[in-house]
Amino acid sequence: MPRHEHAQIDWDEQGRPHSRQYDDVYFARDEGLEETLHVFIEQNQLRQRFAALQPADCLVIGETGFGTGMNFFCAWQLFNELAHAEARLHFVSVEKYPLTRDDLARATQLWPELAAFTQPLLAQYVAIHPGFQQFSLDAGRVTLTLMVGDALEQLPQLDARIDAWFLDGFAPAKNPDMWTPALFAQLARLSHPGTTLGTFTTTGWVRRSLIEAGFSMKKVPGLGKKWEVMHGVFTGESSSAAAPWYARPATAPSAREALVVGAGLAGSATAASLAARGWQVSVLERHAGPAQEASGNPQGVLYLKLSAHGTALSQMILAGFGYTRRWLERLQRGQDWDGCGVLQLAFDEQENQRQAKLAEAFDASLLQRLDREQAQAQAGITLPAGGLFYPEGGWVHPPALCQAQLNHPRIRLLSHANVLELRKVDGQWQAWEGQRLLASAAQVVLCAAAEVQAFPACSTLALKRIRGQITRLPATAASRALRTVVCAEGYVAPPRDDEHTLGASFDFHSQDTTPTVAEHRGNLALLEQISADLAERLAARACDPQQLEGRAAFRCTSPDYLPIVGPLADSAAFNAAYAVLGKDARQVPAVACPWLEGLYVNSGHGSRGLITAPLSGELVAAWMTGEPLPVPRPVAEACHPNRFALRRLIRGQ
């Protein structure tokens, strides 16, 4: 993973930012907003295009160089003024050196007229780490996907269809890496005939390189001291930016109605993401209310088990962590969640070495290595070792998150609706419980954890259930000293409603959800390993395990620990269509994937559901609507349901 570095900024006497990294200004000294409107808004004809958007239309803007966000705020302001109330704006921007929150707040004070747009972003401007970071703004009507990192590393991973480009890196002489034929080739890959482009530079080699990439370029009068700027239109051949043949359905649905089966973290998030895009969503839940199974624990941990090697799982965790943290800012702190931090103890030498590698790979804003004394000061209790501290982590009350996501006028929750069968009739999926028709829609997302395997479309998905039990311990005057979540083999959280949550066990065999005395004892043993001091403060050794209260449920996980998110194919037809892969895995069969049209899945989140499920709701919605994917394309492919069928074919199984 590339190390994260924030922008290094100097401020002039008028309070305007200047980049130390590039020795250049972020915007024109006297006409910053006017230049943005002239170069990017006018050269992309955005006034006319915003006004012409129809309900359900989504215009996608791509930008090189997010900087202070000025271009984004101006585009959002104009979109808000001119576009239909049910149209959407998706703004995709890449930034190698994002501003810190304090610097962004200081910069945006220069534009008080944009406060209605700068303040909502500042309210969510947390957990900004390498890779894709998605923001949902204006009740989901506006999406910002910020790709943190080098443009030539991030853009090749983007799956999107861009309608207008803002080329706004620092000047070519100051930042030549942002103005290269390789980067322009990526712009072309992501464009379609008619994609427009605006840029402040008229440098000859930039103009020639853009023409070679497929853009028809024209110089136009500039503004102020800038005599000329450039406008462009993509006229080249569209090289598909879509995912591989096995990943994305060919067409997006016209009717915006969907059924979501399951009202846990995955189902609630999926419903929220679709509703934010104007869909009418019916959520079918077999219990009396949402979050009744694995999503129903009193406290879950925002736990980041990362790899220093930038695996697909680590990228998904990093992107999902940021998205969840931004969602939590809408909830009641202290009752629904608390960003108290998470301390992962270095409980043995192997874990200590793993943590040392992570500390080298990631910025201190994400994780910090603490010695034992520092860890104890952070946690407020005596500990057996130091460890890694995640300052932006904490605990969440999962039912509150589910309820908040379901609280949308376009979402209808149908309780006591146990979907036992899906039937396709006249282009509609019908959900049946025996002889009772529950609901129907053209699109269905299965979010019922391991229970999705009961549906033929998911029967071959590699999912397994793992029983977990938590123990609830009443807080004491002494235990309230615990200030952060502490993890080793288990975890213990600061109190919520005057109770600590302790857990959780792993049982691969039991199918019973009745809490057991044996697992209460096991959880108490985990507490002793975490902190004998805290165990004493909680009088845990004097506890009668038979009198303890707890809760057991099933985690649902996949063999590679990645969630299973995306469209579903007919498995028998898939195997027949792509049997050639068993002989030559390098083949790209010229056969359309046999999709089960309108059927999707969001499952397999394991113990990371708080981090991966909310973002996976966005991923499902992007698959369904054809919008830019919220994660790098290789990560989306790594989470795709078809991955298991592909592996079996390639291995000849």
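**Entry 1**

I began with Glu 637, which counts as buried at 19% relative accessibility; buried means under 20% relative accessible area, exposed over 50%, and partly exposed in between, with a 1.4 Å probe and protein chains only. The model is a predicted one, so I noted that local features need pLDDT of at least 70 and side-chain atom pairs count only at pLDDT 80 or more, while totals for chains, interfaces and linings use all residues. Residues are numbered from 1 along each chain as its sequence is written, and side-chain values use heavy atoms, with hydrogens and water left out.

What does Glu 637 meet in a salt bridge? Its partner is the side chain of Arg 633, at 3.7 Å, N to O. I use the term for a side-chain nitrogen of Lys or Arg within 4 Å of a carboxyl oxygen of Asp or Glu. Arg 633 is buried too, with a relative accessible area of 19%. Both residues lie in helix H18, four residues apart, about one turn of the helix.

Within it, the side chains of Glu 627 and Arg 277 meet at 3.4 Å, N to O. This pair links distant parts of the chain, 350 residues apart. Glu 627 is in the loop between helix H17 (609–625) and helix H18 (633–638), and Arg 277 is in the loop between helix H9 (265–276) and strand E13 (280–284). Both Glu 627 and Arg 277 are buried.

I also looked at Arg 537, which forms a salt bridge with Asp 533, the closest N and O atoms being 3.0 Å apart. Both sit in helix H15 (residues 532–537), four residues apart.

**Entry 1: Arg 496**

I found Arg 496 in the loop between E27 and E28. Arg 496 is buried, with a relative accessible area of 12%. What does its side chain reach? A polar atom of the Arg 496 side chain lies 2.7 Å from the backbone oxygen of Gln 335. The side chain also makes a polar contact with the side chain of His 397, at 3.4 Å. A polar contact is a pair of N or O atoms within 3.5 Å; within protein, one must be able to donate a hydrogen and the other to accept it, and residues adjacent in sequence count only if both atoms are side-chain atoms. Leaving aside neighbours within four places in sequence, Arg 496 is in contact (heavy atoms within 4.5 Å) with residues including Pro 298, Gln 299 and Trp 395.

**Entry 2: the sheet of eight strands**

Next I traced an open sheet in the order E17-E18-E16-E26-E27-E28-E25-E29, with mixed pairing; two strands pair if DSSP finds at least two bridges between them. Its edge strands are E17 (368–370) and E29 (549–557), each pairing on one side only. Strands E27 (residues 491–492) and E28 (residues 499–503) run antiparallel and are joined by two bridges. Tyr 491 has Gly 503 in E28 as its bridge partner.

**Entry 3: the sheet of three strands**

Last, I followed an open antiparallel sheet in the order E21-E22-E23. E21 (421–425) and E23 (436–441) stand at the edges with a single partner strand each, so one side of each is left without a neighbour in the sheet. Five bridges join E21 to E22, and five join E22 (residues 428–433) to E23. Trp 429 is the bridge partner of Lys 424, and Trp 429 is also paired with Ala 441 in E23.

Which turn residues have a positive phi? In the hairpin of E21 and E22, with two residues between the strands, Asp 426 has a positive phi of about 50 degrees. In the hairpin of E22 and E23, also with two residues between, Gly 434 has a positive phi of about 65 degrees.
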